[in-house]
Amino acid sequence: MGLSLLVGVLFLYLAARNVSLRDLSGAFERFDVRWLGPAVLVSLVLQVFRAWRWQLELLPLERISLGRLWLVVSVAYMGINLLPARLGEVLRPWLLSRRSAVSFSNAVGTLLVEKTADAMVIAFYVSLGLLTTPDLPAWVRRGAVFPAFVAALLLLVMALLWWRGEAFLEKWAVRFLPDVAARALLRVLRSVLAGMRILPSPRLVVAVLAVSLALWFLAIV
């Protein structure tokens with residue numbers, strides 16, 4: 001608790017050390033406090049949607065209560081807000097591995113699926129915005145191709161990892177490693193792939209994409 005408070009104060013100082021007090025005061029004068037309640041409510045609902053989506057991703061491994069996942073997700077996002085370089089992302093699989101039978105590598109596999117779904121949904125919303133906003137230059141509209149390309153590339157990488165990841169590792173990487181390291185690497189990869197067990201289930205994949213669409217719509221709101 002004390003360490004979290006210390007870290008929070010440190011990063012608050014780093015964020016605000018070059019901010020003019022006059023500008024800050026002017027910003028607070030323009031702040032409409034009526035929007036604070038809805039903003040907090042949307043943030044809370046977002047965490048519920050994140051926990052719900054993760055629950056769907058974990059179903060092939062273990063049925064975990066929404067409340068437990070909500071707690072893990074909330075702590076992890078606190079870490080994302082406090083720590084640099086989104087290091088809080090590591091907290092999610094670690095905390096889950098401490099509070100369930102799902103291993104750290106299994107949890108990482110579910111997060112690979114999740115981040116790919118996020119990329120696809122973000123690309124959809126970005127492309128929709130670029131293509132429907134009036135009076136944009138043509139080169140900006142053509143820019144909608146880039147996020148769509150990145151999302152498609154991530155989807156391809158994930159599909160190849162699921163389909164041929166272990167065979168590729170055995171053929172091209174493991175043979176150059178000592179036996180102990182090779183066995184450890186294969187064990188980790190198999191565990192990660194086990195965390196992606198949602199992929200052969202079209203019903204769960206569609207459910208994850210639907211929740212992702214709702215989640216990012218809330219974030220845009």
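**View A. Val113, Thr116, Ala117, Met120, Leu155, Met158, Ala159, Ile198, Leu199, Val205, Val208 and Leu209 form the lining of the second largest pocket.** The model is predicted, with local features requiring pLDDT of at least 70, side-chain atom pairs counting only at pLDDT 80 or more, and totals for chains, interfaces and linings using all residues. Numbering starts from 1 along each chain as its sequence is written, and side-chain values use heavy atoms, with hydrogens and water left out. A pocket is an open set of points on a 1 Å grid where a 1.4 Å probe fits, with protein on both sides within 12 Å along at least five of seven lines; lining residues have an atom within 4 Å of a point. This pocket holds about 150 Å³ of space, a volume being the space filled by probe spheres set on the points. At least two lining residues come from each of H6, helix H8 (145-173) and H10. H6 gives the most, 4 residues. The lining of this second largest pocket divides into 11 nonpolar residues, 1 polar and no charged. Here Ala, Val, Leu, Ile, Met, Phe, Trp, Tyr, Cys and Pro count as nonpolar, Asp, Glu, Lys and Arg as charged, and the others, Gly among them, as polar.

**View B. The largest pocket has a volume of about 190 Å³.** Helix H3 (36-58), helix H4 (66-82), H6 and helix H10 (202-220) are the elements that give two or more residues to its lining. Gln47, Arg50, Arg53, Tyr77, Asn81, Arg86, Glu89, Lys115, Asp118, Leu215 and Trp216 line this largest pocket. H3 provides the largest share of the lining, 3 residues. By class, the lining of the largest pocket contains 6 charged, 3 nonpolar and 2 polar residues.

**View C. Helix H5 (residues 91-99) packs on helix H6 (residues 104-132) at an angle of about 135 degrees, with the axes 8 Å apart.** That angle makes H5 oblique to H6. Angles under 35 degrees count as roughly parallel, over 145 as roughly antiparallel, 65 to 115 as roughly perpendicular and the rest as oblique. Axes are lines fitted to C-alpha atoms, for helices over the stretch in contact, and angles run from 0 to 180 degrees between N-to-C directions. The crossing of H5 past H6 is right-handed, the near helix being turned clockwise from the far one by less than a right angle. From H5, Arg92, Pro93, Trp94, Leu96 and Ser97 meet Phe104, Ala107, Val108, Leu111, Glu114 and Lys115 of H6. The residues of this contact between H5 and H6 are 7 nonpolar, 1 polar and 3 charged. Contact means heavy atoms within 4.5 Å.

**View D. H6 also packs against helix H9 (residues 179-194), at an angle of about 50 degrees and with the axes 6 Å apart.** H6 and H9 are therefore oblique to each other. Their crossing is right-handed. On the H6 side, Ser105, Asn106, Gly109 and Leu112 meet Val188, Ser191, Val192 and Ala194 of H9. The contact of H6 with H9 has 4 nonpolar residues, 4 polar and no charged.

**View E. H8 and H9 pack at an angle of about 175 degrees, their axes being 10 Å apart.** The two helices H8 and H9 are therefore roughly antiparallel to each other. H8 contributes Leu161, Trp162, Gly165, Glu166, Leu169 and Glu170 to the contact, and H9 contributes Leu185, Leu186, Leu189, Arg190 and Leu193. In the contact of H8 with H9, 7 residues are nonpolar, 1 is polar and 3 are charged.

**View F. Leu218 lies in helix H10.** Leu218 touches Val42, Val45, Leu46 and Phe49, not counting residues up to four places away in sequence. Leu218 and Trp172 are 46 residues apart in sequence, and their C-alpha atoms are 43 Å apart in space.

View G. Helices (H or I, at least four residues) and strands (E, at least two) are DSSP runs, numbered from the N terminus. The order of elements from the N terminus on is α-α-α-α-α-α-α-α-α-α. The C-alpha trace spans about 65 × 50 × 35 Å along its principal axes.
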